[in-house]
Amino acid sequence: MLFSDPLLIRCPSCGKEGSYAPRDLVALRSLCRHCSLSLDAVGQEMREGLSSWSGYLAKIDMAIEFERLFGIQPTDADLDTIKTPLDLVKFFRGRVSVGDSDVEGEAFAWLTRVRPATASRDELQLDFTELFSVTEHP
């Protein structure tokens, strides 16, 4: 997800438009040029969109990795119900041909590859959006 730079936004406080750097908005460092109030609400909304997109891409990446490993392809409807890496583990573990495989170990290995600095088994229970939350503009 990319934002135009500068990004034209309307201040939620005064209603006036201005152009702002997306990086500053997402970092919650922007003030309205007209009323000097914080534009944090705009930045938070941008973060939510970026985090949602980032979490979605991570879920798809993990599903593709598991499909490659286990030969089972979840449908779009299946993926819509999966919110955490552990949900994906349960989905694959519940399939007959995967029963004896170390699905959770593979999930942790995947997580370690994509989040090496912070990966822990407890994170398998977190929502993909929370795991891949965005706090600065990419």
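Rings of Phe, Tyr and Trp, the last represented by its six-membered ring, are taken as a pair if their centres lie within 6.5 Å, and in this predicted model such ring pairs link Phe-66, Phe-70, Phe-91 and Phe-92 into a cluster.

**View 1. The aromatic cluster of Phe-66, Phe-70, Phe-91 and Phe-92.** By the ring-pair rule, the count for the protein comes to 7 aromatic pairs. One of them joins Phe-66 and Phe-70, whose ring centres are 5.6 Å apart and whose planes stand at 85°, so the pair is edge-to-face. Phe-66 and Phe-70 both belong to helix α2 and, being 4 residues apart there, are separated by about one helical turn. An α-helix has 3.6 residues a turn, so residues three or four places apart point the same way. Both Phe-66 and Phe-70 are buried. The rings of Phe-91 and Phe-92 form another edge-to-face pair, with centres 5.2 Å apart and planes at 80°. Phe-91 counts as buried at 11% relative accessibility, and Phe-92 is buried with a relative accessible area of 0%.

**View 2. Helix α4 and the elements that its buried residues pack against.** Helix α4 comprises residues 85-93, and its buried residues are Pro-85, Leu-86, Leu-88, Val-89, Phe-91 and Phe-92. These buried residues pack against α2 (40-70) and α3 (76-81), and also against α5 (103-114) and α6 (128-131).

**View 3. Glu-123 in the loop between α5 and α6.** With a relative accessible area of 10%, Glu-123 falls under the 20% limit and therefore counts as buried. When residues up to four places away in sequence are not counted, Glu-123 touches Pro-85, Leu-111, Arg-115, Thr-118 and Leu-131. Pro-85, among these partners, is also one of the buried residues of helix α4.

**View 4. The cis peptide bond from Asp-5 to Pro-6.** The omega angle of this bond is near 5°, and Pro-6 is found in the segment before strand β1 (7-10). Most residues other than glycine have a negative phi, and most peptide bonds are trans.

**View 5. Leu-28 and Ser-36 in the loop between α1 and α2.** At 25% relative accessibility, Leu-28 counts as partly exposed. Ser-36, likewise not a glycine, has a positive phi of about 65°, and its place is in the loop between α1 and α2.

**View 6. The surroundings of the close-ups: the whole chain.** The secondary structure comes to 6 helices and 2 strands, and from the N terminus on the elements run β-β-α-α-α-α-α-α. The radius of gyration is 19 Å, well over the 14 Å that the globule rule gives for 138 residues, so the protein is more spread out than a compact globule. Along the principal axes, the C-alpha trace spans about 60 × 30 × 20 Å. Of the 138 residues, 36% count as buried, and among contacts between residues at least 6 apart in sequence, 44% join residues at least 24 apart. The protein exposes about 8100 Å², of which carbon and sulfur atoms supply 50%. There are 15 positive and 22 negative side chains, and the centres of these two sets lie 4 Å apart.

Notes. Residues numbered from 1 in each chain as written. Predicted model: local features only at pLDDT ≥ 70, side-chain atom pairs only at ≥ 80, totals over all residues. Heavy atoms only, no water. Rg over C-alpha atoms; globule rule 2.2 N^0.38 Å. Buried < 20%, exposed > 50% of the residue type's maximum accessible area, 1.4 Å probe, protein only. Contact = heavy atoms within 4.5 Å. Areas by Shrake-Rupley, 256 points an atom, 1.4 Å probe, with all protein chains shown as cover. Lys, Arg positive; Asp, Glu negative; His and termini not counted. Charge placed at Lys NZ, Arg CZ, Asp CG, Glu CD. Phe/Tyr/Trp six-rings, centres within 6.5 Å; stacked < 30°, edge-to-face > 60°.
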